[in-house]
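Biologist: I would like to learn how to read charged pairs in a model such as this one, so could you show me the structure and begin with how accessibility is described?

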Amino acid sequence: MSVYSKPVTFAILSVAVILVGTIITVIIPMMMPSTQPVSDYIKPYTAVELEGRDIYIREGCNNCHTQTVRPIRTEVARYGEYSKPEEFAYDRPFLWGSRRTGLDLNRVGGKYPDSWHYKHMNSPQSMFPRSNMPAYAWLARKELCTDCAFRKVSVLGYGYSEDEVRAQMNEYKARVTSQDYGSAAIRNEVTPEKLQGSLTEMDALVAYLQKLGRDVKEVQKMGSVPVAEASPTAAQAGNPFEGDKAAIEAGNKLFQTNCAVCHNADGKGHIGPDLTDEEWKYGENDSDIFSSISGGRPEGMPPFGPNIGEDDIWKVIAFIRSLGK
Amino acid sequence: MSNNGYDYTAVRGFALSALFWLIIGLVVGLWLAAEMLWPALNFAPWIAFGRLRVVHTNGLAFGFALAAIFSCSYYMLQRLTGTPIVFPRLARFHLLLFNVAIALAALSLFAGMNTSKEYAELEWPLDVVVVIMWVIFAVNVFATLIKRSEKQMYISLWYTIAMTVAVAVLYIVNNLAIPVNWTKSYSIFAGANDANVQWWYGHNAVGFVFTVPILAMFYYFLPKSTNLPIYSHRLSIVSFWSLVFAYLWTGAHHLMLTPLPEWIQTVAIAFSIFLIVPSWGSVINGYYTMQGNWDQMRNNYLVKFFIFGITFYGLQVIQGPTQGLRTLTSFFHYTDWVVGHVHMGTMGWVSMIIAASFYYMVPKMAGREIYSIKLADINFWLILIGQLLYTVTLWIAGIQQGAMWKATNADGSLTYSFIESVAAMYPYWMIRLIGGVIYFIGILVFTYNIWMTLKGTKKTSAEATPQAA
């Protein structure tokens, strides 16, 4: 009698056959620490960030956003340094995603100020009229439930005590509800008055987004990745497009696509500072402004060097200079 | 009870369940396609894209496809063993439990209770229900097989056994989690391991839900509908074992260029290419079965469903491994190309074979002829045109989006902002929505035709029967 007339034997044989590939490509890698390395530089999520992550999961953000920057030149230019395995040691579940209807988010932490996220989550179309992202304004109208917070970090083995979890929550709440909070104005715009003194679901989600890729950026800062600067010759020669009408027009166009979202169409600022006044936080020379645009600045100015290139940065500067006049 | 003591209650119940969840899943799909164009349609949390997409994928993969698979499995099992189902009341309970589980699944996903792991989004209490339901199914499968009066097990039964054992292993391992409360749990695997387990599961859900049981239907219903024996028994043996062996190695081709160790990615791609061979073994077996009888494409309304279905399967299994190659994945992955790829499999292969199987099985079971061959033909052309419009459009969209993401200026900077690559998609998404509507109308015709056949307004038909017995 062959196996084709013995159903139970057939079933056992089938299981054996499917287990070969399973063991070699899934089970054995699980036994190898190199599959999911753990690094001291990568910290677990705080209780607040974890709540934000759970909201990200609940709303299915992973259906449109990935969280892995691949080692491809254009991808690194668009998003930042490619993803490393150790970054995901505390990710249960992983959230790498499978489709980029929206952008990759693995390097979004620290790229924009919190106010950018509040405004964007409240109404993506107010910042990018052609975006098709759903508005998540209602997240600011829901108080964050923290009842399970300690149980959650315990299940995940993050090692915080119950007091530490409470302290993390209170600390973050104090930060975002304080009048000194840099994004207070926009947070108050999107949060109903009765919740302005509490933690909302949107607060937690912003905390989570700001954590993404943050630790890796810290590691890079400790190394020698410099802020991109104008090449010395260009810095000395000054802006090649100064006063050039066509270049200013081109700069205007670039400004509207890349900068207006935060600095407003007229350059008078909203999320980012006013560019038409006398005050320059990081220096008023052309080469300083070039560095700000090219390499970005802390507190939310993203680096545009890899995206738009040197010539276009000078055109944008020519346009900005034309605003003051 | 029908002739020979076969029990068709569960078969009929699952067939109707399949049609019901098919329509629900497609309405949700159309809504999603519209949301891609008009974000204002995301007007409430429960209907926002992120939650709704999961209802669409689960509703169709498990509500529709799995119900159809249970229906046809209970049918083929009895016919191929020559034995009535051993526990018919258990099968009826299976039917009830299935529909309760799918309804609860839909509700919980609308409510945002989901684990985020693709095609395994259900939270742990429902996972437990699914496992119980699967055991109930397996009990009937093996009890009936052991009691069978037909000595040799036909090809379709091999595939049914493989599905039964493989899905159990895959589903349980990927859903291992530690509960926080009744509606929330965390995967026991972290980071790269979780990703590896998930796509081992995700790809084999395609393998053992969208491929293996559909091949079981193909191997049974094609010869039945045409009265032609399958071309090569030996080819089917080789195809079967190499398919079920190789499938499990390939999940990581969904994770190319991610932080997963490179060797796992490379092994996955090697086995993916190898998989072309057993897959095409079945395609060739299907084509050669028709040798010398290709006139049935015109004269027998069912044959075109089977032949087009297996052809889409054949194209699918070439496209899949190809787009997984590192150079091509770096271009195509994360774009709509992949969405087009999946939908050729589901709208082309899976739903065409299920439609043909129902058209053969339901009249047999009801003891009367199909309500209308003409409607079946309309059904065929509508789902064919709708599917092609949908998939080809998304391939082109994917090529454009991939190219826009990679375009650079002379100085190495990026040519397009991301939002420009989104805005460029709107015309394609409009055509996709139209393709979806055409397909949906085809499915409504299909449902009506099956419903009217079951309702039995027509005892005998003036239309010619395509099959002899």
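Modeller: A residue is called buried under 20% relative accessible area, exposed over 50%, and partly exposed in between, using a 1.4 Å probe and protein chains only. This is a predicted model, in which local features need pLDDT of at least 70 and side-chain atom pairs pLDDT 80 or more, while totals for chains, interfaces and linings use all residues. Residues are numbered from 1 along each chain as its sequence is written, chains are lettered from A and ligands numbered from 1 in the order in which they are written, and side-chain values use heavy atoms, leaving out hydrogens and water.

Biologist: Which residue forms a salt bridge with Asp7(B)?

Modeller: Side chains of opposite charge can pair when their charged atoms come close. The rule asks for a side-chain nitrogen of Lys or Arg within 4 Å of a carboxyl oxygen of Asp or Glu. Here Asp7(B) pairs with Arg92(B), with 2.8 Å between the closest N and O atoms. Because Asp7(B) lies in the segment before α1 (9-37) of chain B and Arg92(B) in helix α3 (residues 88-110) of chain B, the pair ties together parts 85 residues apart in sequence. Asp7(B) is buried at 5% relative accessible area, whereas Arg92(B), at 35%, is partly exposed.

Biologist: How many salt bridges are there between chain B and chain A?

Modeller: The count between these two chains is 3, and over all chains the rule gives 24. Glu59(A) and Arg51(B) form a salt bridge at 2.7 Å, N to O, and both belong to a network of salt bridges that also links Arg58(A), Lys142(A) and Glu201(A). Within chain A, the side chains of Glu201(A) and Arg58(A) meet at 2.6 Å, and both residues are buried.

Key:
Helices (H or I, at least four residues) and strands (E, at least two) are DSSP runs, numbered from the N terminus.
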